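Please take the sequence and the structure below together, beginning with the overall order of elements and then turning to individual residues.

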Amino acid sequence: MKRLNEKGYSLVESIVHLLIFTMLIQFTILFFYWQAPVEKVYQGDLLGEWELFSLELQELLEVVTVVEEVKPTRLTFHTKRGIITIQQYDEMLRKVVNGTGHVPLLMNVKSSKFTLKDSELKLVVEMKDGMRKERTFAIGLYQK
């Protein structure tokens, strides 16, 4: 029986290993080029947090009986749930129901400004990173 020389790699084996290693390096580099823009879109823009906040605030404003108070950093209105206040507290916008407890709605807020015109609420928020968000919400006023 003839024994093969097993002291090293053949030229063909070396080329195959080199090709596999080259492909793995290319996939790794491609992954990091793909990861940076995706991460920027989802984390840098705070898109998800702002959109969730906007949806929740619009839902709260759908059925309002009375808008009681509108100040630059505070909005108070009456709904079936009771008296709801949306206000800036430190670095967040929070919801207070019937004067008790609080639910954080939006974090890292530098400043906020509520303005009311007819049945539209305009909210301008400046985030701590300098980003400025602005949205107009429809207030669904109804009579009891």
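In what order do the elements of the chain run from the N terminus on? In this predicted model, the order is α-α-β-β-β-β-β-β-β-β, and the secondary structure accordingly comes to 2 helices and 8 strands. Of the 144 residues in the chain, 25% are buried, while the accessible surface comes to about 10,700 Å², with 59% of that area belonging to carbon and sulfur atoms. Among contacts between residues at least 6 apart in sequence, 32% join residues at least 24 apart.

Arg94 is buried and yet has no salt bridge; a salt bridge would require a side-chain nitrogen of Lys or Arg within 4 Å of a carboxyl oxygen of Asp or Glu, whereas the nearest side chain of opposite charge, that of Asp90, is 7.8 Å away from Arg94. Leaving aside residues up to four places away in sequence, Arg94 touches Thr85, Ile86, Gln87 and Tyr89, and also His102, Val103, Pro104 and Leu105.

Val109 counts as buried because its relative accessibility is 1%, where the cut-off for buried is under 20%. Again not counting residues up to four places away in sequence, Val109 touches Gln88, Asp90, Glu91, Met92 and Leu93, together with Val125, Glu126, Met127 and Lys128. Val109 and Tyr89 are 20 residues apart along the chain, and their C-alpha atoms are separated by 9.0 Å.

Technical notes: Residues numbered from 1 in each chain as written. Predicted model: local features only at pLDDT ≥ 70, side-chain atom pairs only at ≥ 80, totals over all residues. Heavy atoms only, no water. Buried < 20%, exposed > 50% of the residue type's maximum accessible area, 1.4 Å probe, protein only. Lys, Arg positive; Asp, Glu negative; His and termini not counted. Contact = heavy atoms within 4.5 Å. Helix = DSSP H or I, 4+ residues; strand = E, 2+ residues; numbered from the N terminus. Areas by Shrake-Rupley, 256 points an atom, 1.4 Å probe, with all protein chains shown as cover.
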